[in-house]
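Reader: I would like to go through the labels on this structure. For each one, show me the value and the cut-off behind it.

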Amino acid sequence: MKTKKIYLNEGEMPTHYYNIMADMPNKPLPPLHPVTQQPLGPEDLAPLFPMELIKQEVSTERYIEIPEAVQELYRIYRPTPLIRATALEKALGTPAKIYYKYEGVSPTGSHKPNTAIPQAYYNKMEGVTKLTTETGAGQWGCALSFACQHFGIDLQVYMVKLSYQQKPYRKVLMNTFGAEVIASPSNLTDSGRQILGQTPDSPGSLGIAISEAVEVAMKNENIKYSLGSVLNHVLMHQTIIGQEALKQLEMTGDFPDMVIAPFGGGSNFAGIAFPFLHLNLTQGKKVECIAVEPTSCPKLTKGKFRYDYGDTVGMVPLLPMYTLGHDFVPPSIHAGGLRYHGAGVIVSQLLKDGLISARSVKQSECFAAGMLFAQTEGILPAPEANHAIATVIAEAKKAKETGEAKTILFNLCGHGHFDLHAYEQYLGGNLVDHELTDAEIEYALESLEKSIQMK
Ligand SMILES: *Cc1c(COP(=O)(O)O)cnc(C)c1O
């Protein structure tokens, strides 16, 4: 009989985060001040983040200990199961072995609490009483609401207006955990008023919501800001996923040829892939790590590697990354978590150095893959996760043709129980694909060149 689920005991949960900065052959270029374009110092970030997270952001230490209070809260849902997708394998008739790490068992249904918990904890330890943040589809806002409520921190969430209207139940979940939720753009901030002045009916974007949340933190000494992806410390917190998966795979005797994850800003991809990349970089292993993005927001496969702002208004530091331009507003696809114009700095450098690879998939192919997964494995995946599943299925079919018994691991980074509206549209045949034309991408990148002249 094939093993289906592989569990770790609580005592086997990793006690340290893995920091890939220690092993990267080329370290990323430094973030630059948005106005002076000089490399940032810790004092530039101090208004936004607690000192411990700033230290982690620039650390090159290989392992960083997970505080006991964070481990204790992780134990509500960690270690998460590793599951062999035996029914999917059978439906595909593939010789490939498919494993998935299931992060949907967390309190808010995705991998996001893995970083929300330590971020809330470090803020609490430094006496912070209130945080602001943004949220796109709502996964991050829910995770941080849960963590802040646990540690007794107030939270204000700027939620992209489109999602605020389309996913009202996410707002209710955030309110349940005591957070204040504001539709973005709002008239509470200069950034929001600026956008509303230009576009009164703006549906909002992650870049705009970030500008609003950062502005509030900058203007109030007792308020700090928290980000759910992109930054180095966020990616590092997620490495608990891959470290667990590595231990669980050891118990099966299998080792992956490929690790696949969806890509928004890079956190769930980094979380599952970096512990395997560690083996590539230090032990000569050859695990292929593949990040998968939507064709409608193809920064890794069609974007440009250069300095760009992380937000729309240009208030946050310039980051060296693959980007489509900070004022690029991606089409309204249903994988809201993947509608961000840029990619994390570390992942961008790894891609530039050819140490990882990237692919893009159309929305309709993603949902077809998610349907097959639900019908075989019984779990309805988040639309973001469907990007990984579509790629896994393509690889499993390839394995069937070549007869190679590949082992594939992917990150099932969230369930889709708040995304049923999207599945309803798919089932009704009303889902449209958005593939950006080369001209549209060229236009976005040209306007980026014009808007930021590097000194
Ligand atoms: C936020 C989110 C993503 C995208 O963000 P990453 O930082 O790239 O992981 C993907 N999937 C789910 C379920 C999310 O909540």
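**Labels and their grounds**

Author: Glu215 is buried, with a relative accessible area of 6%. The model is a predicted one.

Reader: Why is Glu215 called buried?

Author: Buried means under 20% relative accessible area. Glu215 has 6%, so the label applies.

Reader: What makes Lys219 and Glu215 a salt bridge?

Author: The closest N and O atoms of Lys219 and Glu215 are 2.8 Å apart. The cut-off is 4 Å, from a side-chain nitrogen of Lys or Arg to a carboxyl oxygen of Asp or Glu. The pair therefore qualifies. Both residues lie in helix H10, 4 residues apart, about one turn of the helix.

Reader: Which other residue meets Lys219 in a salt bridge?

Author: Asp190 does, at 2.9 Å from N to O. This pair links distant parts of the chain: Lys219 is in helix H10 (residues 206-219), Asp190 in helix H9 (residues 190-198), and they are 29 residues apart.

Reader: Why is Lys219 called exposed, and what is Asp190 called?

Author: Exposed means over 50%. Lys219 is at 53% relative accessibility, so it counts as exposed. Asp190 has 42%, so it is partly exposed.

Reader: How many salt bridges does a search of the whole structure find?

Author: It finds 17. One of them joins Lys97 and Asp254, with the closest N and O atoms 2.8 Å apart. Lys97 is in strand S5, while Asp254 is in the loop between helix H12 (240-252) and strand S10 (258-262). The two are 157 residues apart.

Reader: Is Asp254 buried or exposed, and what about Lys97?

Author: Asp254 has a relative accessible area of 14%, under the 20% limit, so it is buried. Lys97 has 28%, between 20% and 50%, so it is partly exposed.

Reader: What joins Arg78, Lys101, Glu103 and Glu244 into one network?

Author: Salt bridges that share partners.

Reader: How do you know that Asp308 has no salt bridge?

Author: The nearest side chain of opposite charge is Arg306, 6.0 Å away. A salt bridge needs a nitrogen within 4 Å, so Asp308 has none. Asp308 lies in strand S12 (residues 304-309).

Reader: What makes Asp308 and Thr323 a polar contact?

Author: Their side chains come to 2.8 Å. The limit for such a pair of N or O atoms is 3.5 Å, so this one falls inside it. Asp308 also touches other residues, among them Pro317, His326, His341 and Ile452.

Reader: Why are S1 and S4 said to pair?

Author: Pairing takes at least two bridges. S1 and strand S4 (residues 82-84) have 2, so they pair, in the antiparallel sense. Lys5 stands opposite Ile83 in S4.

Reader: What is the strand order of the open sheet, and why are S1 and S14 called edge strands?

Author: The 7 strands run in the order S1-S4-S5-S15-S10-S11-S14, with mixed pairing. Strand S1 (5-6) and strand S14 (357-361) each pair on one side only. Helix H16 (residues 363-377) packs on the sheet, touching S4, S5, S14 and S15. The direction of H16 makes about 95° with that of S14.

Reader: How do you know that S7 and S8 pair?

Author: 5 bridges join strand S7 (residues 154-160) to S8, and at least two are needed, so they pair. The two strands run parallel. Gln156 stands opposite Glu180 in S8.

Reader: What makes S8 mostly covered?

Author: In strand S8 (residues 180-184), 4 of its 5 residues are buried.

Notes:
Residues numbered from 1 in each chain as written. Predicted model: local features only at pLDDT ≥ 70, side-chain atom pairs only at ≥ 80, totals over all residues. Heavy atoms only, no water. Contact = heavy atoms within 4.5 Å. Axes fitted to C-alpha atoms, helices over the stretch in contact; angles between N-to-C directions. Buried < 20%, exposed > 50% of the residue type's maximum accessible area, 1.4 Å probe, protein only. Lys, Arg positive; Asp, Glu negative; His and termini not counted. Polar contact = N/O pair within 3.5 Å; in protein donor to acceptor, adjacent residues only side chain to side chain. Lists of a residue's contacts leave out its neighbours within four places in sequence.
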